[in-house]
Amino acid sequence: MDNTNVLEVKDLAISFKTFEGKVQAVRGVNFELKKGETLAIVGESGSGKSVSTKAVNRLLPKKNSIIESGQILYEDKDLLTISDKEMQSIRGNDIAMIFQDPMTSLNPTMQVWRQIAEPIIAHQNVPAEKAKDKAIELMKLVGIKNPEQTHKHYPHQFSGGMRQRVMIAISLACEPKILIADEPTTALDVTIQAQILNLMNDLKHKMETSIIFITHDLGVVAQMADRVAVMYAGQIVEIGTADEIFYNPMHPYTWGLLASMPTLDIHQTDLYNIPGSPPNLLHPPKGDAFAPRNDYALAIDFEQEPEMFKVTDTHYAKTWLLHPDAPDVTPPAEVIRRKAKYEALFTSKKISSQVGGEAIGSRG
Amino acid sequence: MAAEVKEKNTIVEIHGYKKYFNEGKKNEVQAVKDVSFNIYEGETFGLVGESGSGKSTTGRSLIKLGDITGGQILYKGKDISKISGRKQLLDFRKSMQMIFQDPYASLNPRITVKDIVGGALKVHGLYKDSKKRTERVYELLEAVGLSKEFANRYPKEFSGGQCQRVGIARALAVEPDFIIADEAISALDVSIQAQVVNLLKDLKKENNLTYLFIAHDLSMVKYISDRIGVMNSGRMLEVAEADELYQAPLHPYTESLLSAIPTPDPENERTRVRTEYDPEYHNYKDLTKVGLHEIAPEHFIYCHEDEIELYQKKRERLMREGQKYA
């Protein structure tokens, strides 16, 4: 992994027009994607994770979505301002997407090889016969058995896991620089999920693709991600390396997410839960959107939105708890256990860089 | 299964249960081939397996949605296939209720929450006075953590977690003894899953319920269940107490299933070894000596008689080594 950014999203804000008014689905999102890395975006339904990434590929409905502000920079171009034609040459070619439901996102009336060959024919101007060979090769690559025969099959003749492999083959057809995977394994069984995740990791190393991996499953994140962004109510509330997020989380929402996951530890007795439900983004609350559900909320949380506080060069969190004047709080037991594990890992030198625990300043 | 536990009361007994769809036709599907297990009163029995393993079919047969092909299902000592007529069926369903997977699809979108929850009371002729019935609906909504102002709203006005709470309130309305939760939390977000699971746990304590908890999320199943059954391609492959199963998963399928769960711990994930399961493993040619055998007290494995000793040794080793999947 080198340090060049292949994608930069700056101050992105997106709203949807509805009968009741404007829903502010994404409210100021900043992140960058480095070459060859996997950035996981986690959050609950409605947190804006899918909307932000659909904006990258310009797949939002024109009719009712409004880009309020922001830039999406890819190779010195702002993807939000280029023409539709230019976007078409990038979509599926440089930036490809894997969708959640392999049944509804494949064409049921088209043989699978044609669907895999479609982007190759469209972007690379290759004759159909050659594209067919490439499609069969891709099917082999993603582990579909006997592609010489099965390439003529229709989606319904494949199982869910195999269909998702077809989806991956389509997305890889043009060797994209960026792959956006929107909950690619949520509809699959755990054993099949493990196979697909392994496959994606292998392909990433082979092809040096950068991946944006959207999911709500923190287990999958731990397995896939180099860096993690946690989204809540249309904003990134914490971003950092996987180790920083899992072993030294700073935001109470991240604490809640980690503590509400059951572990396979046989001695676990009670499960933490985050009370209430996410805010209605028709009228986002004043101050910190998470405050009403936050056991650690300070008075200021209800008045003023916190800024992104810097923890380390790679780790930022949007919570007033990191302000120098904030009181000391004790995080949930599960988070303390994680921090201890991190210390232990660091002293045994399994992890190369230590995560600072202090707020160093703010990025404002 | 032998009657090895005398002090616990069995509420459900399933013996050699089979369920084939399109029986005898060309497109016959043997959804459940051979399943036997007991559920004790007051426990939560977790049923896990991948899609197509027959776990949901088992749950549906248990609540008598459709007839079974073979075997016997006893509920409170009575054969459920002998239940006939509206009166008997009503009594049966009053005692056993179900919570479904999709919180939106399982609630009638055209009637209010009051009618959804109250409907169950009406059907069973409970709380005939409409004012008292409304009171009871308010009580139930509050029991599942919803405010009584919600009673006049429609399902579409709720979030997924709230809808699932309405589904739970409906199941609780008739004061059942036994509840089948078929993937009741799978469609919900992580933070909401924890809320619903904690609610189910609390309700169980307050109302002396017994649960059959069907799911594919093994970490949640472990957290809520007392005992767990693992199913694959229509067979029960392993039954054990939850802690025992996670400490000493004996059947290779259980092992592969446990090793496939991603844990929220990057260091763990980096060092994890995953095992794959070859379904040929339990394709025994001669089925005469094959069945659920007890390896240790309360720990059953689907295997050939000759394999029992092997599994016993494996168990001893795993118990000595301590926990593998933490």
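How many helices and how many strands are there in chain A? Chain A has 11 helices and 13 strands. Helices here are DSSP runs of H or I with at least four residues, strands are E runs of at least two, and both are numbered from the N terminus.

This is a predicted model, in which local features need pLDDT of at least 70, side-chain atom pairs count only at pLDDT 80 or more, and totals for chains, interfaces and linings use all residues. Residues are numbered from 1 along each chain as its sequence is written, while chains are lettered from A and ligands numbered from 1 in the order in which they are written.

**Overall dimensions**

The radius of gyration of chain A is 22 Å, close to the 21 Å that the globule rule gives for 364 residues, so chain A is as compact as a globular protein of that length. The radius is taken over C-alpha atoms, and the rule is 2.2 Å times the number of residues to the power 0.38. Along the principal axes, the C-alpha atoms of chain A fill a box of roughly 70 × 50 × 35 Å.

Chain B has 11 helices and 12 strands. For its 326 residues, a compact globule would have a radius of gyration near 20 Å, and the 21 Å of chain B agrees. The C-alpha trace of chain B spans about 65 × 50 × 45 Å along its principal axes.

Strands S1 (residues 5–18) and S2 (residues 21–34) of chain A run antiparallel and are joined by 11 bridges. Two strands pair if DSSP finds at least two bridges between them. A hairpin links S1(A) to S2(A) through 2 residues. Asn5(A) has Lys34(A) as its bridge partner in S2(A). Val9(A) has Phe31(A).

The two strands belong to an open sheet of 4 strands in chain A, with the order S2-S1-S4-S5 and antiparallel pairing. S2 and S5 (77–78) of chain A stand at the edges, each with a single partner strand, so one side of each is left without a neighbour in the sheet. In a regular strand the side chains alternate between the two faces of the sheet.

Helix H1 (residues 49–56) of chain A lies across S1, S2 and S4 (65–74) of chain A. H1(A) runs at about 115° to S1(A). Axes are lines fitted to C-alpha atoms, for helices over the stretch in contact, and angles run from 0 to 180 degrees between N-to-C directions.

**Strands of chain B**

S1 (residues 10–21) and S4 (residues 70–75) of chain B run antiparallel, joined by 5 bridges. Glu13(B) has Leu74(B) as its bridge partner in S4(B). S4(B) is also joined to S5 (residues 78–79) of chain B, by 2 bridges, and this pair runs antiparallel. Tyr75(B) stands opposite Lys78(B) in S5(B). S4(B) and S5(B) form a hairpin with 2 residues between them. In the turn, Lys76(B) has a positive phi of about 50°.

H3(B) passes H5(B) in a right-handed crossing. The crossing with H4(B) is right-handed too. A crossing is right-handed if the near helix is turned clockwise from the far one by less than a right angle, and left-handed if anticlockwise.

Val113(B), Ile116(B), Val117(B) and Ala120(B) of H3(B) meet Val166(B), Ala169(B) and Arg170(B) of H5(B). Residues are in contact if their C-beta atoms, placed from the backbone, lie within 7 Å. This contact has 6 nonpolar, no polar and 1 charged residues. Ala, Val, Leu, Ile, Met, Phe, Trp, Tyr, Cys and Pro count as nonpolar, Asp, Glu, Lys and Arg as charged, and the others, Gly among them, as polar.

Toward H4(B), H3(B) uses Lys114(B), Val117(B), Gly118(B) and Leu121(B). They meet Arg133(B), Thr134(B), Arg136(B), Val137(B) and Leu140(B). Here the classes are 4 nonpolar, 2 polar and 3 charged.

**Where the chains meet**

34 residues of chain A are in contact with 35 residues of chain B. On the chain A side, H7 (190–207), H8 (218–224), H9 (242–247) and H10 (252–259) each supply at least two residues. The largest share, 5 residues, comes from H8(A). By class, the chain A side divides into 17 nonpolar, 12 polar and 5 charged residues.

Key:
Contact = placed C-beta atoms within 7 Å.
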